[in-house]
Amino acid sequence: MNRARTLKTVLWTITGFAAAVALTRFVFGLGATTNLTDGVPWGFWIGFDVMGGVALAAGGFVLTAFVYIFKREELHPIVRPAVLTAFLGYLAVIFGLLFDLGLPWNIWHMIVWWNPHSPLFEVGWCVMLYTSVLALEFLPVPLEDQPRWQSIHRFLSKLRIPLVITGISLSTLHQSSLGTLFTIMPYRVHPLWYSPILPILFFLSAVMLGLFMVTFESETTSWIYKKKPETHLLAKLNKATPFIIGLYILVRFIDLGVRGQLGVLAEGGWQVGMFWVEILAFMALPLLLMAIPKSRNNTNLLWTASWLGVFGVVLNRINTGGLMHQGRGVEAYLPGWTEIAISIGVVSAAALVFLFVIEHFNILDARPVDPEKAPTEKPHFEPVGMVWLGSPEVSARTGFSLAFVLAAGVGMMLLSGKTVRSEGLEPTVVIAARGGDTLFVDGNRDGYGVAFTHQQHERRMMETEANCATCHHMNLPGDEQSNCASCHADQYMTTDAFGHDWHSSPAGGKLSCTQCHAAGEVRSADNAKQCDACHTDLVPEYASIEINSYEAPAYTDAMHKLCIGCHQEQAVALEQEGLPRCTQCHGEMRNVVTADARSVPIRPAPGVVLPPSTVEE
Amino acid sequence: MSQHVQGNKAILTDTTKCIGCRECVLACKQRNKLEQDKPRRWSLDDGLSARNWTSIVERPGGDYVRKQCRHCLEPACVSVCPVGALSKSETGAVIYDGDKCMGCRYCMMACPYGIPRYDWDLAVPYVRKCILCDDQVKQGGSPACTEACPTGATIFGTRDELIVEARRRIEADPDRYVNHIWGEDEVGGTSVMMISNIDLSFLSYGTKLDSTPLPARTKTAMGAVPAVFAGMAATMTGLHWIIKRRMENHGAVPTVEEEGDNGNGGDA
């Protein structure tokens, strides 16, 4: 195994894994494959893929400026890989964005429907234009080997300076506009990251990151292909870096001071900790490493400084892009493994293309040798059956394919569970009844529900053998608690409010049959006395209610309409507009549960003793 | 009501009159043909979702506050939408054109009240929010929620007359209300306004919003775009010319190979 082949195998594995997630994302939607919520609509894909990606590709415009405008000719050998990195970076951003957009097939709409007020519109157009510019800047490279295309090659080479200048201007615009995106969210972004001058901060850090990225990419490529590192060149380039980092840190603190937010630093909390990590570990440390000539000229230290810086600026983008947004009463957002898989997958795919291009075109001062192509390599045999795996090139490709397919399989296996089947529905966390003991239960979310007195249910049920699990159990898939009807089985039945047995009982009402029913007739409810014949004060004189039926409404009728439903119906039926007025029942009380609706107590008819349960509590 | 709309239409919600019956929620669902919904992983606890465009939030103390799109006079969502899928209707409503939307969800990020919701569960998702029943209002009707409210807690009219009414109510009964009309000045004013006996700043991240319209905050940077582009291009061209001339005069380095790249030792 050699470094390049091991790396490629790893990259293919990640890409395969991501491919499985990608498929799921497009079939089942964003809910199944991200941890995004209505409160956190932008997450890792925007923070890392788009904002980080654009920043990571800043090396292209920074280095072309150094070489073609400032004429730092000695840096010429690293300009091609930098432009390639930028080109692939932008392609990766666009590709990554396709996963995040809800309707990715509409990505071209920005070309047709314009909204020049939108910072995102500006970013979108700049990215489109700059990617085209990068393509034109890079095109001479694949063309130079093609004798048939020499005229185009010559033409593009003549266009180089205008292209470079256009590229620099476009980059300035959208690198800063990515900061402008967040200036409209003053109430959302944490004060340590929000600033009206975010565009300036973003531009400065993009220039900084451009230098870091060129350094990182060059040193890493040298390591992979066991080439002599270009530290002497990079050290020269990075003489400027400490000044830019210093300027950035200075501007950031001055901005905090001017906005009067320095006090936030003393408040503590993990956000403040994150701020210091960003500034000290990922900005100040690389500044120090690059400022000291000795460490700047040391390959390992320069490489360390560069990845620290790269990580720092990307972290800043992720923080500004979503991690450091004010809580909205929802749980903190952490990206799901699916989101990270896609992001790393896109980067891996871009890295594979990068390796392919540098192996096949004149990007570096000498094309690195593709290790699989080495003709002198000994044949490899499959260890178990001793089957020849083919020439090294074929065997490498077989290995890559195998890694890709296996990883995709594993990814599919991990995804084929609850996530996908339930379209992203996960068990909801039990939230304590807000506003006290009473819970508004609205199972189908149609806006109608019942006021459920939890505490009262608990108290009554604990007297029997019931416990919490009687209602809160998990016996069916997706079932988390019993519905009301499992106890209140009669909730749809109307109830006879009249206790006949009690009335006729010698222990109760002590009434004989004929006291209510007319003598000599078949006794039924139809020929019985009406309640108010004895209970003369059942309905107060001033009441507007007329009693036609002695059936009590069912639970569902009585409770699911929360009274107001019947009142409204009756208002129409009786042509009494005042009936559904709130004050009819509620007086000054606005709480449904404590409604003072029973202000008229039912008193017994003369000479009748009511059972204790019907007496007003 | 005439066929054409006069003035910015608005809603005034008086939370002291709300009894939490949720008739408005139901009416909204029926008028806008929204399906039933269930709690999801991505739902917030305020009851709004892609299928609930308005909701009643119960506050400790038994107060009910209705949430819905505030239809800002200068909406952040309209200003940030890169394809103009969100726009301000002639009635003052902020309306949405799903055919233009590309699903970037910038509107959801920019809204100071956190109103727009997303079809997270669908493979073809759209942004969903209250549209102030714009079609009905244009024909002289009123929003379903205001028609349904049994207590008159939420009423519909032109913005100017509702501000007068709100102020009249507060002045008539100063002990009952907090002396503030939410939505009169915040973020440049909103079409859905509220008066209440409790502080309603929980509706906007718990912070008091100031009266600067949010789009004004990106205006400076966006206005600078052409100047920055031209300035940067001019500076770079100038620098290129000066440095090139200087190097030629000094004769230190031969003319830069901008014509015909040297290919870094390749076979150019």
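**View 1. The contacts of A:Thr338.** Beyond its neighbours within four places in sequence, A:Thr338 is in contact with A:Val21, A:Thr33, A:Thr34, A:Trp45 and A:Leu415. The model shown is predicted. A:Thr338 belongs to helix α18 of chain A, which covers residues 337–360. Is A:Thr338 buried or exposed? A:Thr338 counts as buried because its relative accessible area is 8%, and buried means under 20%.

**View 2. Chain A as a whole.** Chain A holds 27 helices and 4 strands. Of its 617 residues, 46% are buried. Now take the contacts in chain A between residues at least 6 apart in sequence: 69% of them join residues at least 24 apart. Chain A exposes about 31,000 Å².

**View 3. Where chain A meets chain B.** Here, 97 residues of chain A are in contact with 99 residues of chain B. About 8,800 Å² is buried between the two chains. Carbon and sulfur atoms give 60% of this buried area.

View 4. In a salt bridge, the side chain of B:Arg105 meets that of A:Asp100, at 2.9 Å from N to O. Chain A and chain B also have 21 residue pairs in polar contact, both residues at pLDDT 80 or more.

**View 5. The side of chain A that touches chain B.** Helix α10 of chain A, residues 160–183, gives the most to this side, with 13 residues. The residues of this side divide into 46 nonpolar, 30 polar and 21 charged.

Conventions:
Residues are numbered from 1 along each chain as its sequence is written. Chains are lettered from A and ligands numbered from 1 in the order in which they are written. This is a predicted model: local features need pLDDT of at least 70, side-chain atom pairs count only at pLDDT 80 or more; totals for chains, interfaces and linings use all residues. Side-chain values use heavy atoms; hydrogens and water are left out. Helices (H or I, at least four residues) and strands (E, at least two) are DSSP runs, numbered from the N terminus. Buried means under 20% relative accessible area, exposed over 50%, partly exposed in between (1.4 Å probe, protein chains only). Contact means heavy atoms within 4.5 Å. Accessible areas come from the Shrake-Rupley method with a 1.4 Å probe; for residues, only the protein chains shown count as cover. Buried area is the accessible area (1.4 Å probe) that two parts lose on being put together, summed over both. A salt bridge is a side-chain nitrogen of Lys or Arg within 4 Å of a carboxyl oxygen of Asp or Glu. A polar contact is a pair of N or O atoms within 3.5 Å; within protein, one must be able to donate a hydrogen and the other to accept it, and residues adjacent in sequence count only if both atoms are side-chain atoms. Ala, Val, Leu, Ile, Met, Phe, Trp, Tyr, Cys and Pro count as nonpolar, Asp, Glu, Lys and Arg as charged, and the others, Gly among them, as polar.
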